[in-house]
Each structure stands twice: as structure tokens, then as C-alpha cells.
Amino acid sequence: MTGIPFIHDFEFRYGIVEPVTDGIRRIVARNPGPFTGPGTGTYIIGRGEVAVIDPGPMLPDHVDALLAGLAEETVSHILVTHTHADHSPAARLLRQRTGAPVFAFGPHAKDSAGELEGGVDREFVPDFLLDDGDEVPGDGWSLEVIHTPGHCSNHICFAWPDAGALFCGDHIMAWSTPVIIPPDGSVGDYIESLGRLSQRPERVFYPTHGTPITDPGDFIAKVREHRLHRVEQVAAAIANGVDNLPSLRRRIYTDIPRNLEAGAELSLLASILYLQERGHVLIVGSGRRQRYVPT
Ligand SMILES: [Zn+2]
């Protein structure tokens, strides 16, 4: 049990631009999976001259359907929350088709476990770099950039203060917790970014995957608790002499399918690095011979 009030219900139809609320529409790509839930939800901001947030994976059908739903309208901005393969690759296609510039924090930074989430997008190059606190003004809307590293080091969220809305990418999802894969992902950064998001006044958070979160304050607190609880479990196991990744995985993830074992171990490693950074654990050796020692 995580204690997080997950919401799994999500009403949508693939391939159709659908209204979400005033000034916000969404179209879901057909890329469902364990890390993407129902698929990537591409958001459309405004009417007439619009911004598109997270164009999605390299699925030409998705871009066709998006543009079909925007007939008579113009895409003025392409905004990307981070460089995972289910978020940014279609930005290239959409830029080709519309001429709109691409805005993001930057290209993919460090090496990361590429097999998870279908990989990372190393080819991504934005036209304009965004930084924390930047304003992105458009026709009838203005978004504020919040840098939220943790899930991905170049992850940003977009707040739309006038609409009370915040587009939170993969940092928080209603149906699952995001994977944190070192070295690009960091539990310390993730917790710090959660703290920043908890200070925001916007009342509805729109994750890229799944349904909106309408009580973000409580939800963020529970996500934080869950993540720190996992770190404490790892610390306790290491204190009890469990000193390697496969043993920790068997201790903490008692019943997971084989194909998720590698991901689970990387996720545990993220917690171990968090403990190491804070001086609670020493990492000895490298590779498969890495051992963890309490300090
Ligand atoms: Zn992601």
C-alpha cells in the first residue's frame, strides 16, 4: 500500500482532440504501457493560436490526428516538459508540419537507463531554452516555467496562473509514481521539486499521462511520504546487512514480474544514492560487485 490516493479512472478517446476545461484541450496518443498508462496526453492551450505541450512519441498518426483537430487554427508554440521518448520526439514532426518553434529546458543531459519508458530522446534540440521563472506569453494565455528536476534532470512544469492550472509532465501522476533512474534521475532533486510544486497556488494539476489531480496539496504530501518511506525501507535493510541490489530488490519488492526487476533495482539504486549523498550509506566497489555499508 502506498497511501497515495491514486485515481485510475480516465475518460478519453484515442486520436480525438477533446475539451478538458476552458482553454485546455487534450489528445491521447496510442502508446499505452506500464510507464505511460493510457498513453501520452498532448495538451493544447488556447484557441485560434495555440500552444501544444508534449507532442508525444514519434507516432505520425498522433500528429496527424492532433493537426486534424486543430484545422483552421495555428500552432504558435511547441512546449516540452522533458526528453523522454514518450514526450518529445513528435516535436520534430510537429515543427516540420507547422513551422512552430520548440521550447524546452534543454537537450537530454546525462546518460540514463534507455530501456525504461521506451527510452530517452537524445536527438532532441529545442529552438529556445527555458529556465526556471521564465514566462511564455501567447495569444490569450501566459505560462510560467518551473524547473522540476528529479524524474529527469531537464524536467519542467508549466503553470497557467490565470487558469489555475499547472501542467506537471511526469513529475506527479494521478495513477502511479514516476520512475527515478540515476544518474539523470535523482530522489533528492525529486523531493525538492515536490516541495516547490506544493507552494504553487494552481488548484488543478494536469499530468501528461492520465487524469488531472484536483487536490494537489494533499496528493503531493502523500507522494513525498511514499518516496521517503521507500528510502527508509532501503536504509533499514542496509542497516540489517542486506548489502547488494538483487538482495535488496527481493527484500523490498517481494512480488514483481521478472521484466520489472531491472527497473526495480535502478529505482532502489536511486534511494541508495540519496542515502549516500546524506552520509548514511557508503557504496563500495562497482558494477555487479557493488556493496552497501551503513555508516
Ligand atoms: Zn518521463
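Mentor: A residue is called buried under 20% relative accessible area, exposed over 50% and partly exposed in between, with a 1.4 Å probe and protein chains only. The model is predicted: local features need pLDDT of at least 70, side-chain atom pairs count only at pLDDT 80 or more, and totals for chains, interfaces and linings use all residues. Residues are numbered from 1 along each chain as its sequence is written, and side-chain values use heavy atoms, with hydrogens and water left out.

Trainee: Which residues of α2 are buried, and what do they pack against?

Mentor: Helices (H or I, at least four residues) and strands (E, at least two) are DSSP runs numbered from the N terminus. In α2, Ala90, Ala91, Arg92, Leu93 and Leu94 are buried. Their partners in packing are β4, α1, β5 and β6 (102–104), where contact means heavy atoms within 4.5 Å.

Trainee: What makes arginine 249 count as buried, and which residues does it touch?

Mentor: Its relative accessible area is 10%, which is under the 20% limit, so arginine 249 is buried. Arginine 249 belongs to helix α5. Beyond its neighbours within four places in sequence, arginine 249 is in contact with Thr254, Ile256, Glu261, Ala264, Glu265 and Leu268.

Trainee: Which members of the largest nonpolar core touch the most others, and how do you know where this core lies relative to the two domains?

Mentor: Such a core is a set of buried Ala, Val, Leu, Ile, Met, Phe, Trp, Tyr and Cys residues joined through side-chain atoms within 4.5 Å. The largest one has 37 residues, and Leu166, Ile172, Leu197, Phe205, Leu248, Ile272 and Tyr292 touch the most other members. Two or more residues each come from β10 (156–160), β11 (165–169), α3 (187–198), α4 (216–239), α5 (245–252) and α6 (261–277). Domain 1 (18–214) and domain 2 (227–294) both contribute residues, so this core lies between them. The domain bounds come from an automatic or database assignment. For isoleucine 172, the contacts beyond four places in sequence are Leu194, Leu197, Phe205, Pro207, Ile213, Phe219 and Ile220. Apart from this core lies another, of 20 residues, including Ile27, Val63, Ala65 and Leu94.

Trainee: How far apart are the centres of domain 1 and domain 2, and how many residues does each give to the contact?

Mentor: The centres, taken over C-alpha atoms, are separated by 30 Å. Twelve residues from domain 1 and twelve residues from domain 2 make the contact.

Trainee: What makes the rings of phenylalanine 12 and tyrosine 14 an edge-to-face pair?

Mentor: Rings of Phe, Tyr and Trp (its six-membered ring) pair if their centres lie within 6.5 Å; planes under 30 degrees apart are stacked, over 60 edge-to-face and the rest tilted. This rule gives six aromatic pairs. In this pair the centres are 4.9 Å apart and the planes meet at 85 degrees, so the arrangement is edge-to-face. Phenylalanine 12, at 23% relative accessibility, is partly exposed, and tyrosine 14, at 25%, is partly exposed as well. Ring pairs join Phe10, Phe12 and Tyr14 into a cluster.

Trainee: Is aspartate 54 buried or exposed, and what is its phi?

Mentor: Its relative accessible area is 0%, so aspartate 54 is buried. Its phi is near 55 degrees, a positive value in a residue other than glycine.
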